[in-house]
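User: Could you take me through the reasoning behind the labels on this model?
Analyst: Gladly; here it is.
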Amino acid sequence: MTSGLTRYVDVATRFQAREAAVPAWLARLRQEGLAHFERLGLPTTRDEAWKYTNVAPIADGAFAPVSSVRDAAELKAAVARLALPGPRLVFVDGRLAPELSSVEGLARGVSLKPLRDVWAEDGAWLAEELGQRALAAEHAFTALNAALLEDGAVLRLAPRALSETPVQLLFLTRGDAPVLASPRVLVVAGEGSEATLVETYASVTGGSGPTFTNAVTEVTLGDNASLKHYRVQSEGDSALHVGGLHVRQGRDSRFASHAFALGGALARTEVHVALMGEGADATLNGLYVGRGTQHLDQRTALDHAVPNCTSRELYKGVLDDRARGTFHGLVRVRQDAQHTDARQQNRNLLLSEHAQADTRPQLEIFADDVKCAHGAAVGRLDAQALFYLRSRGIPRAEAERLLTYAFARELVEAVPEGPVRASVEGLLAPRLPGAARTEVTA
């Protein structure tokens, strides 16, 4: 692991030398990120937070960021298949592809811009916001993202702005080179504003080599603001992926996260939500579907810091072949957070005797007037239900497919009807039992 750390430090050092013409505050952010990464090191299974996930494939890979987008025109067909109606920014191997992006249709008071444009136009504001939710001092991969920070997106909502059309960020990887993509997303929602953001991660057909995506998203919700956040990860079967979502909620704000982890050889998604204003409400939904030898890791942390907040969390895993899924969910209720109402559930469906699920729901409660509960379950398809379907003439493979979809349906239907749900269903269908074993890519 030490050699892997040295390799990434060298990559970040060369990158910072190459990308030296940046504002002083950004250079400082990068340098601090590199220093924290060197101090923290790459995590190992001896670290409690990474107990079930070995990052050796990341440590051993010769990944490096690209300097420009190559032949983006050939990706138009992929964008056409994955893009949602409405404004979007498209990134290829971690770099913005302007010719594939469009911000037409943005609602009044809503701004969607590339990160580079914002630091050129409003660097003082960006310097105050970037890195405030996702702390490089606490997370090794967040620190690495900061050390390599160069491209990404900024979504700003003015007070009481209403964006009825989903805003999409589409991140594509080619897989024809060992690319390290480090996108950074910043969302700042003013008081009383409302929006829907969709982050889509996918590989492009034809590239079968490993890639490493290390993505970080920071969200700040003002008082009474509302954000629905969808994260769909369907990268190729050789891809490596680490994603962090860090949210701070103000008074009476509403945040809903819907995370779908479908692709990647090794993929970990972390969601950290701090409920910092009374009356805040958070919903965390997640579905991870693995097959082959995939390793899909989900970690969530809900911090109830003030009284009268509510959180609901439901994560489900569907695991076939020799796939392994892990879930670690922490709900912390601080001493002053009286009248907290928190519920957490994790359920896993094993479709093979070789599949494995690790689940660890966790409550840390320091207040005495709360309503909190958690639970976890790991099981197989209902034998009686399977027998019933087969007795009605349904082939076994189709019966298993129907029952598996019924298990996942609760999370799919939590997405309102429309283009986002249709996209999720289209990417999920090939991952269910009985489907052709092809990569879910662009």
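Analyst: Helices (H or I, at least four residues) and strands (E, at least two) are DSSP runs, numbered from the N terminus. Residues are numbered from 1 along each chain as its sequence is written, and side-chain values use heavy atoms, with hydrogens and water left out. This is a predicted model, where local features need pLDDT of at least 70 and side-chain atom pairs count only at pLDDT 80 or more, while totals for chains, interfaces and linings use all residues.

User: Which strand gives the largest share of the lining of the largest pocket?
Analyst: Strand 11 does, with six residues. A lining residue has an atom within 4 Å of a pocket point; the points sit on a 1 Å grid over the protein atoms alone, in an open set with protein on both sides within 12 Å along at least five of seven lines. The lining has 37 residues, and E138, H139, H246, E270 and H272 lie nearest the pocket's centre.

User: Why is the pair R184 and E218 called a salt bridge?
Analyst: The term asks for a side-chain nitrogen of Lys or Arg within 4 Å of a carboxyl oxygen of Asp or Glu. R184 and E218 come to 2.9 Å, N to O, so the pair qualifies. R184 is in strand 7 (residues 184-189) and E218 in strand 9, 34 residues apart in the chain.

User: How do you know that R431 and D237 qualify?
Analyst: Their closest N and O atoms are 3.9 Å apart, and the limit is 4 Å, so this pair counts too. The total by this rule is 25 salt bridges.

Notes:
On a 1 Å grid over the protein atoms alone, a cavity is a set of points where a 1.4 Å probe fits but cannot get out, and a pocket is an open set with protein on both sides within 12 Å along at least five of seven lines; lining residues have an atom within 4 Å of a point.
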